[in-house]
Amino acid sequence: MTGTEAHDSYGEKPDPEDHNAPVGPQKDTPPPSNDTGGPSGPNTPPPDSLRTPDDPPRIPTPRTSVEDTGLPLPEPAPAPLFLEHRVLKSLLGAWALAACSPEETAAVEDHLGSCGACADEALRLRDAVGLLHPPESLDLDPTLRTRVLESCLDRRPPRIPVPEWATPYDAETARLDALLQDIGDAEWHAPVRLRWFEGDEQTSRRTTVAGVIAHLLTVDGLVALTLGLDDPLEALAETPTPAARTEAFWTTSHFPPTRSVRAPWREQAHNLVRTVAFAGGGSGRLPVSYGAFELPLRDSMLDRAFETWVHAGDIAEAVDYPYEPPSPRHLHAMIDLGARMLPTALAARRQAGLATPGQTRHLVPAGTPGRSLRLEIEGLGGGEWLIPLDSPGALPSPDHEVAHIALDGVEFCQLAAGHVSPEEAAAGQVGDREAIRDVLFAAASLSRM
């Protein structure tokens with residue numbers, strides 16, 4: 001727009017036919033300006049009163065709205081809740097548990113900034129919620145390793161697999177180690193009472209949590225000696241029995257065992273599992289001497305798994321910690337070991353005059369069917385076993401069954417560990433009462449320190 005056009009736009013153009021129209025610029029008309037900028041320059045839009053419809057707009061028009069694009073409209077922001085004080089106070093519990101809706105949470109938190117009484121109550125409720133949800137241990141689930149390995153081995157067999165008869169010991173030592181990780185320094189000195197049966201009476205020995213781990217270390221050392229590993233016992237015991245080795249360790253220690261005993265026990269357990277894995281399945285027939293008796297290595301590893309679980313339960317009870325039984329598959333293997341050891345234990349008690357002789361008044365020749373007792377285990381690790389009563393070498397026979405005992409799987413293990421008396425153990429019994437009593441006491445006699 002030129003300077004003349006700007007001048008003409010201030011008023012109407014003079015009509016050339018109108019002779020009365022003034023000619024030239026008038027006094028009250030501002031002269032046109034030739035400036036290129038500034039408030040009165042040619043780039044300055046004219047006032048609204050002098051604008052024409054063809055002039056460009058002074059203010060840009062609004063941009064296209066989302067309604068004109070066909071896109072979905074955004075959700076409108078929720079209107080804030082306006083709740084009464086009593087309603088907000090009643091929501092404090094749900095707010096502490098993070099159970100309020102977003103709108104309720106915003107309303108409560110806005111209210112807490114202006115109400116001191118509710119803020120104090122909210123703080124107390126949050127602390128209470130923290131007690132309801134104590135921080136969990138960062139230790140991994142002790143069964144996680146077994147589950148992961150089983151999943152991996154289903155796809156690719158290991159080059160050096162752990163024998164199946166050694167996996168219960170591997171699992172139980174891992175579970176006990178996880179329990180020991182969670183206890184404090186003072187709890188290592190918590191009193192623990194070891195219990196077992198001698199003859200027909202229950203006996204016990206007082207020690208500590210650290211003392212129990214020292215006991216497991218020295219008895220596991222019997223297996224280590226069989227495999228050619230180092231003996232953890234520095235001083236020789238008078239007899240190589242588990243009790244004598246444990247007493248020797250406790251006696252020769254300059255100080256009572258502390259949590260420092262955990263590291264050598266766990267290292268020895270790892271070495272045992274690793275060694276039997278390299279030795280192969282044939283090593284399961286190696287004899288392990290317990291002083292008064294021997295067990296093949298495969299049964300000895302089950303025995304060590306059983307005792308590890310039992311004493312882990314003793315420790316958990318001493319420190320008030322929950323502890324679950326072994327997996328059903330491992331528990332079944334432990335029960336099977338106890339059932340297979342019953343005929344020998346029964347014969348030993350009969351020779352010692354602690355069990356009634358059979359009806360034949362003499363031992364049945366090996367390989368001959370004889371009187372039998374049916375042992376039924378219910379629940380975890382369940383199954384049925386026929387126990388020969390007259391001789392360890394006799395053949396169990398259902399045709400010669402004279403009695404039937406029904407027990408829970410965990411209860412049978414507690415009986416074999418000497419933690420439950422024979423009178424308290426039997427859940428159901430039918431048949432020869434003397435045979436039932438002899439078998440129950442024989443099961444209790446399997447226990448030892």
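User: How do the residues of the lining of the largest cavity divide into nonpolar, polar and charged?

Analyst: This is a predicted model, in which local features need pLDDT of at least 70 and side-chain atom pairs count only at pLDDT 80 or more, while totals for chains, interfaces and linings use all residues. Residues are numbered from 1 along each chain as its sequence is written, and side-chain values use heavy atoms, with hydrogens and water left out. A cavity is a set of points on a 1 Å grid over the protein atoms alone where a 1.4 Å probe fits but cannot get out, and lining residues have an atom within 4 Å of a point. Here the lining of the largest cavity divides into 11 nonpolar, 4 polar and 4 charged residues, where Ala, Val, Leu, Ile, Met, Phe, Trp, Tyr, Cys and Pro count as nonpolar, Asp, Glu, Lys and Arg as charged, and the others, Gly among them, as polar.

User: Which residues lie nearest the centre of the largest cavity?

Analyst: Of its 19 lining residues, Asp303, Phe306, Ala416, Leu446 and Ser447 lie nearest the centre, and the space in this cavity comes to about 270 Å³.

User: At what angle do α7 and α8 pack?

Analyst: Two packed helices are described by the angle between their axes and the distance between the axes. Helix α7 (residues 167–181) and helix α8 (residues 209–226) pack at about 155°, their axes 13 Å apart, which makes α7 roughly antiparallel to α8 (angles over 145 degrees count as such). The contact (heavy atoms within 4.5 Å) is made by Tyr169, Leu176 and Leu180 of α7 with Val209, Ile213, Leu216 and Asp220 of α8, a set of 6 nonpolar, no polar and 1 charged residues.

Notes:
Axes fitted to C-alpha atoms, helices over the stretch in contact; angles between N-to-C directions. Helix = DSSP H or I, 4+ residues; strand = E, 2+ residues; numbered from the N terminus. Parallel < 35°, antiparallel > 145°, perpendicular 65-115°, else oblique. 1 Å grid on protein atoms, 1.4 Å probe; cavity = no way out; pocket = protein on both sides within 12 Å on 5 of 7 lines; lining within 4 Å. Points joined across faces, edges and corners; volume = space filled by probe spheres on them.
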